[in-house]
Amino acid sequence: MSRTEPLPGPLEPRGRTIGAEERAAVLRVLDSALLCGTFGTEARALEAEMGRLYGRTAVACSSGTAALHLAVAAVNPGPGDEIITTPISDFGTVAPILAQNAVPVFADVDPGTGNLDPAAVEAAITARTKAIIVVHLFGAAAPVAELRDLADRHGLALIEDCAQAWLGTVPGGDLVGRYGDIACFSLQQYKHITAGDGGLAITADPESARRMRLFMDKGWDRSIGRLHLSLGLNYRMTELVAAVARAQLGKVSGVVDRRRERARRLLAALADLPGLGLPGEPGHAWWMFPFTVPGEPGNRVWAAALEREGVPASAGYLERPLYGNPALAEAPVYGASRFPIDRDYPPGLCPNAERLIDRTLVTLPWNEAYTDEDVDAIAAAVRKVHAGVV
Ligand SMILES: Cc1ncc(COP(=O)(O)O)c(C=O)c1O
């Protein structure tokens with residue numbers, strides 16, 4: 001049965017938790033006339049609240065990409081050093097590597113989850129490797145305990161990209177974001193909680209926190225004077241963004257709880273369908289609801305059929321792996337030079353990732369506002385498509 005009313009989504013009030021608290025927060029800042037995070041109290045209060053939530057020191061900044069740039073800068077790769085990461089993520093995971101003149105090295109992923117495969121990461125380590133950036137894709141914990149162990153054995157830094165995994169946990173383990181030397185979060189419009197754009201980087205290491213704070217504000221240690229100690233940019237979070245983010249942070253646990261409860265309902269409704277690869281449930285933060293389908297007739301047929309049933313669906317999440325983008329595969333990076341890129345990223349580099357994108361991965365947007373009827377309609381649509389194509 002086709003749906004008539006669209007599901008609530010992240011570009012409208014029904015699909016966001018923006019309410020009286022955020023409105024009051026914005027007005028509080030406007031009335032103070034203090035809009036820059038350097039001089040106000042909101043950005044520092046947000047850092048304290050995020051710090052308490054994760055038991056870490058937090059640095060607020062202007063986006064998730066900025067948070068990853070702070071992290072890479074703090075890890076301090078030399079020009080041409082290598083950073084291993086995943087081919088399935090937002091481009092914000094990889095852009096900071098290039099911006100710091102390091103070489104992105106792509107390791108293949110698990111064919112079921114799309115998360116980094118520790119064996120592939122280990123095989124990619126060379127004498128030039130400086131760090132690993134692991135992404136918790138769609139909200140499912142990557143094998144981060146194994147990667148922590150690997151990083152320690154090889155003397156590498158581990159950065160966690162938690163942009164999609166607010167309050168995700170490792171099954172039987174800790175919160176994701178507490179395994180890495182640094183972990184990064186996004187407050188972009190589509191994330192669990194949002195301030196439009198915004199980012200947070202967390203760490204337990206005071207020196208990394210110091211470096212990130214400097215990089216966020218032009219290398220300027222304002223406690224000393226007008227002195228720029230190291231290269232930095234202006235990645236400051238504004239007070240308006242921080243005030244909204246504080247209100248949203250107070251809601252994140254409820255958002256994740258509701259998404260989990262909604263996801264359990266869909267998982268139960270689909271559990272008996274042969275050929276579908278459903279996500280493991282414990283600890284998943286459900287930014288999206290991903291599942292895998294048989295390679296024939298493949299994910300594009302599936303996504304188109306679901307769309308016809310009124311259920312938004314993406315085949316493969318990306319059109320191509322990160323390394324297939326012109327920015328990495330062919331375009332110059334600076335001037336006419338491809339530096340720091342010193343290699344080709346040929347098709348077939350990460351076969352599991354390519355197969356997920358091209359053939360087997362389907363993602364459904366997920367939202368805490370879905371009603372039982374919404375979830376049941378999604379389940380009915382998936383069952384109908386399954387009956388037609390498998
Ligand atoms: C996994 C991941 N990393 C990084 C980013 C970049 O975050 P932002 O858009 O806030 O720069 C995003 C989202 O956009 C993301 O999903």
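## Basis of the model

Helices (H or I, at least four residues) and strands (E, at least two) are DSSP runs, numbered from the N terminus. The structure is a predicted model, in which local features need pLDDT of at least 70 and side-chain atom pairs count only at pLDDT 80 or more, while totals for chains, interfaces and linings use all residues. Residues are numbered from 1 along each chain as its sequence is written, and side-chain values use heavy atoms, with hydrogens and water left out.

## Ligand surroundings

The ligand is surrounded by 14 residues, of which the closest are Gly64, Thr65, Asp161, Ser186 and Lys191; a residue counts here if one of its heavy atoms lies within 4 Å of the molecule. Helix 3 (residues 64-75) provides the largest share of this shell, with three residues. Sorted by class, the shell holds three nonpolar, eight polar and three charged residues, where Ala, Val, Leu, Ile, Met, Phe, Trp, Tyr, Cys and Pro count as nonpolar, Asp, Glu, Lys and Arg as charged, and the others, Gly among them, as polar.

A polar side-chain atom of Thr65 lies 2.5 Å from a ligand oxygen atom, and an N or O atom in the side chain of Ser186 is 2.7 Å from an oxygen atom of the ligand. Taken alone the ligand exposes 380 Å², and the protein buries 92% of that (areas from the Shrake-Rupley method with a 1.4 Å probe; for residues, only the protein chains shown count as cover).

## A buried glutamate

Glu22 is placed in helix 1 (residues 20-32), and Glu22 counts as buried because its relative accessibility is 3%; buried means under 20% relative accessible area, exposed over 50%, and partly exposed in between (1.4 Å probe, protein chains only). The side chain of Glu22 makes a polar contact with the side chain of Gln248, at 2.8 Å (a pair of N or O atoms within 3.5 Å; within protein, one must be able to donate a hydrogen and the other to accept it, and residues adjacent in sequence count only if both atoms are side-chain atoms).

## Backbone features in loops

The peptide bond from Glu296 to Pro297 is cis, with omega near 0 degrees, and Pro297 belongs to the loop between strand 8 (288-292) and helix 10 (299-308).

Trp286, in the loop between helix 9 (252-270) and strand 8, has a positive phi of about 55 degrees although it is not a glycine, and Trp286 counts as buried because its relative accessibility is 0%.
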